[in-house]
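I opened my notebook to look up a few things in one structure. Here is the model I worked from.

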Amino acid sequence: MVKFWLISTAFLVVLGALVSQAKVREIQIEQNSQCLQDSEIFSKFEIKNKNMFFLDTSKLQKQLRKDYKCIEEVVVKKKYPFNILIQVKTHKTVAKIDGVDLFLDANGNISATSDKNNLPTIFLPQGVDFKDKKTIDNDLVIYALKLTE
């Protein structure tokens with residue numbers, strides 16, 4: 001009986017040591033366009049060196065979807081002992097904004113990269129501001145973007 005308790009205690013001590021060392025060290029991002037950057041995810045969501053066992057992947061998925069309008073679908077997986085895998089499917093770009101190297105998807109989300117070449121160019125109406133924004137919410141522009149799909 002004493003032997004059982006010694007083995008059990010030793011097992012729990014080793015398990016505790018392993019759990020305390022399982023901290024996020026790297027993020028791998030699989031995506032079809034440059035929507036996310038791993039350095040930005042580390043700093044914005046403060047997950048570097050966070051314990052893997054206490055990281056809530058569903059909460060992180062919801063936060064990513066909320067903060068990054070370019071995301072259509074996202075899956076966050078833990079890859080023990082030290083990595084997080086983020087699989088991202090982004091909205092497809094449907095038009096290029098005239099005069100700048102920015103692209104739009106059908107919902108008016110702005111991105112700096114496109115998954116396609118030879119996109120139609122959209123000329124924004126006067127007064128439509130897109131600088132320092134992630135989305136264009138002008139109804140006329142959204143309607144034109146829907147037509148390009």
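**Entry 1: the model**

I noted first that this is a predicted model. I number residues from 1 along each chain.

**Entry 2: the three-stranded sheet**

I asked in what order the strands of the open sheet with 3 strands stand. I read the order as β1-β3-β2, with mixed pairing. I reminded myself that strands of a sheet pair through backbone hydrogen bonds, either parallel or antiparallel.

Which strands stand at the edges? I found β1 (26–31) and β2 there, each with a single partner strand. One side of each is therefore left without a neighbour in the sheet. I also looked up the twist, which averages 20 degrees from one strand to the next.

**Entry 3: β2 and β3**

I went to strand β2, residues 71–79, and strand β3, residues 83–90. These two run antiparallel, and 8 bridges join them. How many residues does the hairpin between β2 and β3 use? I counted 3 residues in that hairpin.

I then picked out pairs along the two strands. Lys78 stands opposite Ile84 in β3. Val75 has Gln87 as its bridge partner in β3.

**Entry 4: β1 and β3**

Do β1 and β3 run parallel or antiparallel? I found them parallel, joined by 6 bridges. Ile27 is bridged to Ile84 in β3. Gln31 has Val88 as its bridge partner in β3.

I noticed Ile84 in two of my entries. Ile84 is the bridge partner of Ile27, and Lys78 stands opposite Ile84 too.

**Entry 5: helices on the sheet**

Next I looked for helices against these strands. Helix α2, residues 38–45, lies across β1 and β3. I read its angle to β1 as about 125 degrees.

Helix α3, residues 57–67, packs on the sheet as well.

**Entry 6: Glu46**

I moved to the loop between α2 and α3, where Glu46 is found. Is Glu46 buried or exposed? Its relative accessibility is 64%. The cut-off for exposed is over 50%, so Glu46 counts as exposed.

**Entry 7: the four-stranded sheet**

I found an open sheet of 4 strands in the order β6-β5-β4-β7, again with mixed pairing. The edge strands are β6 and β7 (121–122), and each pairs on one side only.

I looked at how β7 is held to β4. Strand β4 covers residues 93–97 and runs parallel to β7, with 2 bridges joining them. Lys96 has Thr121 as its bridge partner in β7.

**Entry 8: Ser111**

I placed Ser111 in strand β6, residues 110–111. I looked up its relative accessible area, which is 18%. Buried means under 20%, so Ser111 is buried.

Which residues does Ser111 touch, not counting residues up to four places away in sequence? I listed Thr93, Leu102 and Phe103.

**Entry 9: the largest pocket**

I looked up the largest pocket and found a volume of about 320 Å³. It is lined by 20 residues. The closest to its centre are Cys35, Cys70, Ile110, Ser111 and Ala112. I sorted the lining into 8 nonpolar, 5 polar and 7 charged residues.

**Entry 10: the cavity**

How many cavities of 30 Å³ or more does a search of the whole structure find? I found 1. About 90 Å³ of space lies in the largest cavity. Its lining has 13 residues, and Ser33, Cys70, His91, Thr93 and Ser111 are the closest to its centre. The lining divides into 2 nonpolar, 9 polar and 2 charged residues.

Cys70 and Ser111 are among the residues closest to the centre of the largest pocket. Cys70 and Ser111 are also among the closest to the centre of the largest cavity.

Notes. Predicted model: local features only at pLDDT ≥ 70, side-chain atom pairs only at ≥ 80, totals over all residues. Heavy atoms only, no water. Pairing = 2+ DSSP bridges. 1 Å grid on protein atoms, 1.4 Å probe; cavity = no way out; pocket = protein on both sides within 12 Å on 5 of 7 lines; lining within 4 Å. Points joined across faces, edges and corners; volume = space filled by probe spheres on them. Nonpolar A, V, L, I, M, F, W, Y, C, P; charged D, E, K, R; others polar. Axes fitted to C-alpha atoms, helices over the stretch in contact; angles between N-to-C directions. Contact = heavy atoms within 4.5 Å. Buried < 20%, exposed > 50% of the residue type's maximum accessible area, 1.4 Å probe, protein only.
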